[in-house]
Amino acid sequence: MKFKDKVAIITGATKGIGEACAHEFAKEGAKVVVTGRSVDLGENVVADVKANGGDAFFVRCDIGQKAQIDALIEATVDHYGTIDIVVNNAGVNHSADFFDISEEDWDWVMSVDLKGTFFVSQAAAKVMIDQGKGGSIVNVSSVMAQLALADQIPYCAAKGGVNQLTKAMALSLVDKDIQVNCCAPGPVLTELMERVVHNEAKRKQLMDRLPIGRIATCEQIARVIIFLASKEAEFLVGQTIYPDGGRSIQAFPRHMEK
């Protein structure tokens, strides 16, 4: 087991990649702190982890609110006594035309995807330093940090910020024995993506831009995050890894290459 008796906070862990991380970290021996805004979903994830022999508990937290982040860190230390790993997975998106994006839309996406990532990391890193054991922080970005979509401007900007934040955080914390890296997935088979691929036209369009020819499962992305959080990745400093099936390196849709 890679993380026997380590304590891992996973934000946005009530579904999708975060839920998969909760299970995969538990399989590797970690005590998992499941966070999210839905109590019902969070408690269900905790119950599933425990049913499979893992150790987990749920803390409701809106990552966009610093007071709730502080309460999350306090609750984790009260319950488990320490923090060893943070996976900053919580994220939101807002699709709209350039001229229809409001200040509220922009602030919402930035507060969760970028601001929340920083303040969770800052609060957890203080605990890691105080305990003198170091730790690991994995940020979850997106292939859209380096690509772009016209109707997802706040999301692309925020995820680009996460990539750069990862570099700056890594340099700030490397001498404290805290490793910081980033996972930036391409298309992943989440609930939203499942609805997309049920539309044959959209599925064909997506596959035309995906050289590997299939969409990643949440578990596959979780295993990349497991690696980045482990000692096996300790010589990676501020790096962003793209498990995207080749999405970010392909210049043209597949049908145009024939």
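**Figure 1. Asp5 in the segment before strand S1.** Asp5 is placed in the segment that precedes strand S1 (7-10). Helices (H or I, at least four residues) and strands (E, at least two) are DSSP runs, numbered from the N terminus. The model is predicted: local features need pLDDT of at least 70, side-chain atom pairs count only at pLDDT 80 or more, and totals for chains, interfaces and linings use all residues. Residues are numbered from 1 along each chain as its sequence is written, and side-chain values use heavy atoms, with hydrogens and water left out. Although Asp5 is not a glycine, its phi is positive, at about 70 degrees. With a relative accessible area of 48%, Asp5 is partly exposed. Here buried means under 20% relative accessible area, exposed over 50%, and partly exposed in between (1.4 Å probe, protein chains only).

**Figure 2. Asp177 in the loop between helix H5 and strand S6.** Asp177 belongs to the loop that links helix H5 (153-173) with strand S6 (178-183). The phi of Asp177 is positive, about 65 degrees, although this residue is not a glycine. Asp177 has 44% relative accessibility and therefore counts as partly exposed.

**Figure 3. Leu149 in the loop between strand S5 and H5.** Leu149 is found in the loop that runs between strand S5 (135-140) and H5. Its relative accessibility is 33%, so Leu149 counts as partly exposed. Leaving aside residues up to four places away in sequence, Leu149 touches Met144 and Cys156; a contact means heavy atoms within 4.5 Å. From C-alpha to C-alpha, Leu149 and Asp48 are 36 Å apart in space, and they are 101 residues apart in sequence.

**Figure 4. The protein chain as the setting of the close-up views.** The protein chain contains eight helices and seven strands. Its C-alpha trace spans about 55 × 40 × 40 Å along the principal axes. The radius of gyration of the protein chain is 18 Å, which agrees with the value near 18 Å for a compact globule of 258 residues. This radius is taken over C-alpha atoms, and the globule rule is 2.2 Å times the number of residues to the power 0.38. Of the 258 residues, 50% count as buried. Among contacts with a separation of 6 or more, 72% are between residues 24 or more positions apart.
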